[in-house]
Amino acid sequence: MSAGEEALRSQYVIGDEIGRGRFGTVRRCFASATGEPFAVKSTPKAPLREADPLDLALAEQEPKLHLLVSASPPASRHLVALHAAFEDADAVHLVLDLCAGGDLFSLVSARAPLPEPEAADLLAQLADALAGCHRRGVAHRDVKPDNVFFDANGVLKLGDFGSAEWFGDGRAMTGLVGTPYYVAPEVVAGREYTEKVDVWSAGVVLYMMLSGTVPFYGATAGEIFESVLRGNLRFPPRAFAAVSPEAKDLMRRMICKDVSRRFSAEQVLRHPWIVTRGGSAAAG
Ligand SMILES: Nc1ncnc2c1ncn2[C@@H]1O[C@H](COP(=O)(O)OP(=O)(O)OP(=O)(O)O)[C@@H](O)[C@H]1O
């Protein structure tokens, strides 16, 4: 057993595997002292070293950036908190909030289009998570439904800081990271970019919640990138006839090619459609 796994097992009892990602596995675990449940994400470094030096650099950077946003007091209650990290030459083990309520990908796959009050409530929680990250100088860079989780009480938690980057010293970011349907055009274009790439991706998530479709698509990653670069945002009546003008207004301000005009996460939180939670009577 490696030193990291041994240190992990000295404080946590390891349970069943919950899931598997491209490089790592996620297992249930329990704090030995209290029995409190967590999730532990373990990423072995050997396959990463063989795959791509950028992937290895990101995996090694993940705990630092994740800690920066979730250390007490957390930047937002809507971030998956990192409780402990164990690292050695072989692997990185991250002990995380257990998200027992599934993820947004499963929710939209089963139920989209969502009613506007529900979509607005989810986007408000996501924007709060992003505003918190951005205040601490961290861009997530892979906002998509698969990385948006729910805890056992249904509270939204943004997770997976495996693509995150620090921009806190005002430096511009570069590098093609993210996921084709959700990635911002300035990332695809290979230009320098800012934390507003996360707002574009969150806008695509909103479009997905309200219609069950994505705004930019293609048969291959290359075709999707071309569509993203054109950035021609449309609301086909078949999917959007029942969607309010206020929701469309917010999507236009998030999925906006001109970065200087694109909303920040804080501006999203102040938009009338978010403030009134999609016009729901419960808003206050
Ligand atoms: N904190 C968590 N609590 C509960 N389940 C989780 C948690 N984090 C991840 N999972 C689940 O574990 C699985 C693997 O997650 P992981 O983040 O390692 O990979 P991925 O995002 O699916 O893939 P990749 O990171 O390679 O793009 C997913 O099915 C995810 O739903």
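Visitor: Are α7 and α10 roughly parallel or roughly antiparallel to each other?

Guide: They are roughly antiparallel, a label for angles over 145 degrees, with under 35 called roughly parallel, 65 to 115 roughly perpendicular and the rest oblique. Before we go on, this is a predicted model, where local features need pLDDT of at least 70 and side-chain atom pairs pLDDT 80 or more, while totals for chains, interfaces and linings use all residues. Residues are numbered from 1 along each chain as its sequence is written, and side-chain values use heavy atoms, leaving out hydrogens and water.

Visitor: Thanks! What angle do helix α7 and helix α10 pack at?

Guide: About 150 degrees, and the axes of α7 (residues 197–211) and α10 (residues 245–254) are 8 Å apart. Axes are lines fitted to C-alpha atoms, over the stretch in contact for helices, and angles run from 0 to 180 degrees between N-to-C directions. Helices (H or I, at least four residues) and strands (E, at least two) are DSSP runs numbered from the N terminus.

Visitor: New topic: how much space lies in the largest pocket?

Guide: About 1200 Å³. On a 1 Å grid over the protein atoms alone, a pocket is an open set of points with protein on both sides within 12 Å along at least five of seven lines, a cavity is a set where a 1.4 Å probe fits but cannot get out, and lining residues have an atom within 4 Å of a point. A volume is the space filled by probe spheres set on the points, which are joined across faces, edges and corners.

Visitor: Where does the largest pocket lie?

Guide: It lies between domain 1 (9–97) and domain 2 (102–276), because both give residues to its lining. Those bounds come from an automatic or database domain assignment.

Visitor: And which residues lie nearest its centre?

Guide: Look for G21, V26, K41, N147 and D160, out of 43 lining residues. Helix α3 supplies the largest share of that lining, 6 residues.

Visitor: What about the second largest pocket, which residues lie nearest its centre?

Guide: V214, P215, Y217, R234 and P236, from a lining of 13 residues. Both α8 (221–230) and α9 (237–240) give two or more residues to this lining. The space there is about 320 Å³.

Visitor: How many cavities of 30 Å³ or more are there?

Guide: The count is 1, and the largest cavity has a volume of about 70 Å³. R141, V177, G178, V183 and S201 lie nearest its centre. Our friend α7 gives the most to its lining, with 3 residues.
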